[in-house]
Amino acid sequence: PRPLRILGIDTSCDDTGVGIVELADGRVTVLANRVWSQAVHAQYGGVMPELASREHVERIDQIMEGALHEAGLSVTDIGAVAATSGPGLVGALLVGLMYGKGLAQALNVPFHAAHHLEGHIFAAASEAELRAPFLALVVSGGHTHLFDVPRDGEYVLVGATRDDAAGEAFDKVARLAGLGYPGGPAISEAATRGDPNAVPFKEPLKGQSGFDFSFSGLKTAALLAHRAGATAENLAASFQRAAVQTLVNTTVRAATATGRGTVVVSGGVAANRALRDAFATTGLHVVFPGRGLNTDNGAMIALAGAAAIQAGRSASALDGGATAYAP
Ligand code: KG4
Ligand code: ZN
């Protein structure tokens, strides 16, 4: 059979992402991944939804052209389209969703409405074939979700954060330590020069029987240590170790409880070196997304589309939908 080229679009927040993957003989390859990160929001200290939608409208043609160029393809080579239908900012989502549906309709090819977290999980399909059953930990600035995937296309939420997302905690601790934004990379860098034993942190939700996460206690402890004179480097090293430990320990307990041997770890925080090193010592088969696929992008949505198509779960442009997932 001819290789199938799938174009994926993500406009759920403040990144305009278009990626292209190729599905041939049951194997997927990322051919292109273009992301336009909107800088306009920095001056407001947070994402302005209306501005995000407008930037997506203004940029999406150019980003798609860039992705086709990177893949060496023309638009008529695209055999399927996937776009994020939620969750996210509704105006922003609609830009990519309607663009993708229009494209699929015009090309008369199948369409897949992807859940944003399904995209984050399938970002790891760039590195290894992802077949259920497996566990998936999605750790980003907005999410800390642990899913069991007992069968292809079925996601059972087994744990989530009760307060801050993991990346949000990295960002807040970095800010109070004066390490700048985004906090994750800044903490990771400063931690290489600090002592992870300098500041004692209590393990969050110690003794729980479930698989939830909590970062507000670590954040408060970091604030108190900062006031008591802990250096930014020691704070970074100690906080990072505590955050990594709670993520890894909870995930390992969930893997034992569900009997899963494979774990996907994805989202912005999955780029963290200490987290990757800690997971490597667990004895589990741990799969991380390839380079450039941890943070929001279109290729991960194309990879989710490829998985849906392989499982016979794609639809047409007119019935794959905006209402498929509540934002
Ligand atoms: O997935 P993402 O790009 O955006 C969403 O939130 O959807 O994740 C961004 C988050 C930020 O909080 C950032 O600080 C964190 O991922 N991050 C990291 C690292 N790189 C990015 N956290 C820890 N270590 C890193 N190396
Ligand atoms: Zn995301």
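Me: Which helices each supply at least two residues of the shell around ligand 1?

Reply: They are α4 (166-176) and α5 (183-191), where helices are DSSP runs of H or I with at least four residues and strands are runs of E with at least two, numbered from the N terminus. Please keep in mind that this is a predicted model, in which local features need pLDDT of at least 70 and side-chain atom pairs count only at pLDDT 80 or more, while totals for chains, interfaces and linings use all residues. Residues are numbered from 1 along each chain as its sequence is written, and chains are lettered from A and ligands numbered from 1 in the order in which they are written.

Me: And how many residues surround ligand 1, and which are the closest?

Reply: There are 19 residues around ligand 1, with G141, G167, G184, G268 and T295 the closest; a residue counts as near if its C-beta atom, placed from the backbone, lies within 6 Å. By class, the shell has five nonpolar, eleven polar and three charged residues, with Ala, Val, Leu, Ile, Met, Phe, Trp, Tyr, Cys and Pro taken as nonpolar, Asp, Glu, Lys and Arg as charged, and the others, Gly among them, as polar.

Me: Changing topic, is β7 buried or exposed?

Reply: Strand β7 (residues 144-149) is mostly covered, since six of its six residues are buried, meaning that 20 or more other C-beta atoms, placed from the backbone, lie within 10 Å of the residue's own. T144, L146 and D148 point one way, and H145, F147 and V149 point the other way.

Me: What does β7 pair with?

Reply: It pairs in the antiparallel sense with β6 (residues 134-139) over six bridges and with β8 (residues 156-160), also antiparallel, over four bridges, where pairing requires that DSSP finds at least two bridges between two strands.

Me: What sits between β7 and β8?

Reply: Six residues lie between the two strands of that hairpin, and G153 in the turn has a positive phi of about 85 degrees.

Me: Last one, how far apart are the centres of domain 1 and domain 2?

Reply: The C-alpha centres lie 27 Å apart, with domain 1 covering 4-126 + 293-310 and domain 2 covering 134-287, bounds that come from an automatic or database domain assignment.

Key:
A residue is buried if 20 or more other C-beta atoms lie within 10 Å of its own, exposed if 12 or fewer, and partly exposed in between; C-beta atoms are placed from the backbone.
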